[in-house]
Amino acid sequence: AGKASVPESRLLKGVLLTPEMKTRPAGIGNVNADWMGSLSSKLSAMPLKHLAVPGSHDSFTFWVDVHAPVGPDQRTYVKYLATMFSVLAKKVMVKWSMTQNLSFKEQLDAGIRYFDLRVSSKPGEPGNEIYFIHGLFGHKVRDGLLEINSFLGRHRKEVVFLDFNHYYAMEAEHHVYLISMLQEVFGSKLCSHCAVENITLDYLWEKKYQVIVFYHHSSAQGVPVMWPGNKIPAPWANTTEPIQLIEFLETTLKKRAKQGSFHVSQAILTPTVNTVAKGLLWGLRSYLVERNLPTIMSWVEAQRPGVDGVNIITSDFVDLTDFANVVIKLNNLLLSEQDRKPR
């Protein structure tokens with residue numbers, strides 16, 4: 001029989017799978033819920049900027065609201081299309097806006113410790129409520145923070161990086177509201193700004209700090225528990241080509257030692273308008289991510305953490321491969337053979 005034009009698909013736990021797509025691997029579940037607390041004493045004494053930490057790109061996009069207006073982060077023509085062809089346009093937007101399948105809790109259980117966060121107010125809505133955003137509005141930020149805090153309360157040695165790096169439709173009062181919210185939700189778990197070299201897991205555990213917030217906006221200046229964005233550069237390749245992406249990641253890694261900061265390697269491909277037009281009905285995952293994941297994961301597997309190596313690595317759809325496990329296991333390369341022997 002000839003090959004079917006539409007691949008067979010089936011549902012597994014609510015996730016649509018095609019024959020080419022891996023099922024959720026062993027790294028999904030709570031097997032990595034306590035990976036930081038389980039590291040050897042040699043690793044917990046090292047600067048955190050030298051350890052390999054798995055992160056997610058556009059971390060909150062596991063749910064978006066198709067009934068809300070298109071977000072203010074979108075270009076004028078996208079807003080126009082969404083207004084003219086509301087339901088159809090938003091269905092397409094969902095396919096290209098969602099970069100994760102897992103909720104915050106599921107990502108945390110899987111081992112993800114860095115979250116890439118973009119936020120916005122809803123223009124015209126009374127009050128100062130802030131939402132996650134990527135083309136379409138997601139959950140209220142407060143709900144996401146509460147979910148993260150709940151996890152941290154159960155896993156006292158785990159530490160998260162919250163990187164608030166894009167803000168839309170936010171005035172001074174919105175920033176005051178968000179910064180206050182972060183302090184209210186996390187309280188004494190927030191790590192005060194200090195030299196990056198001093199941040200080890202041992203130091204964080206001693207102080208009972210579990211959250212490092214990076215706030216890329218001048219509103220946070222003078223707030224000790226809000227770290228400036230320049231302490232966590234995340235250079236962006238902005239390409240659809242995996243080979244160009246890998247060349248970019250290699251080049252930017254060579255420069256990181258001079259920066260004295262944490263470092264994010266964004267192992268992600270970015271669709272252009274042309275890409276979206278060609279794969280309109282397929283969506284980001286099917287058209288761009290899945291076919292290129294083997295190449296990207298081969299690069300990740302070949303990395304080494306340490307002084308000149310990788311630190312935080314982010315990916316789209318962290319559940320499609322054993323991404324978190326692969327990144328966490330890179331830390332074993334920092335141990336000598338003696339350290340690796342079972343005790």
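## A buried lysine

A polar contact is a pair of N or O atoms within 3.5 Å, one able to donate a hydrogen and the other to accept it. In this predicted model, the side chains of Lys189 and Asn149 make one at 3.0 Å. Lys189 sits in the loop between helix H6 (172–186) and helix H7 (201–207).

Lys189 is buried but has no salt bridge: Glu184, the nearest side chain of opposite charge, is 13 Å off. Beyond its neighbours within four places in sequence, Lys189 touches a set of residues including Asn149, Leu152, Arg156, Tyr209 and Val211.

## Salt bridges

Searching the whole structure turns up 7 salt bridges. One of them pairs Glu197 with Lys49, 3.1 Å from N to O. That pair ties together distant parts of the chain, 148 residues apart: Glu197 lies in the loop between H6 and H7, and Lys49 in the loop between helix H1 (41–44) and strand E3 (53–56). Lys49 has 11% relative accessibility, so it counts as buried, while Glu197, at 39%, is partly exposed.

Glu290 and Arg285 also pair up, with their closest N and O atoms 3.3 Å apart. Elsewhere, salt bridges with shared partners join Asp58, Asp116 and Arg118 into one network. Within it, Arg118 and Asp116 come to 3.0 Å between closest N and O atoms.

## Helix H8

H8 (residues 242–254) runs 19 Å from its first C-alpha to its last, close to the expected 18 Å. Its buried residues are Pro242, Leu245, Ile246, Leu249, Thr252 and Leu253.

Ile243, Glu247 and Lys254 are exposed on the face turned away.

Definitions and conventions:
Residues numbered from 1 in each chain as written. Predicted model: local features only at pLDDT ≥ 70, side-chain atom pairs only at ≥ 80, totals over all residues. Heavy atoms only, no water. Helix = DSSP H or I, 4+ residues; strand = E, 2+ residues; numbered from the N terminus. Buried < 20%, exposed > 50% of the residue type's maximum accessible area, 1.4 Å probe, protein only. Lys, Arg positive; Asp, Glu negative; His and termini not counted. Salt bridge = Lys/Arg side-chain N within 4 Å of Asp/Glu carboxyl O. Contact = heavy atoms within 4.5 Å. Expected span 1.5 Å × (residues − 1).
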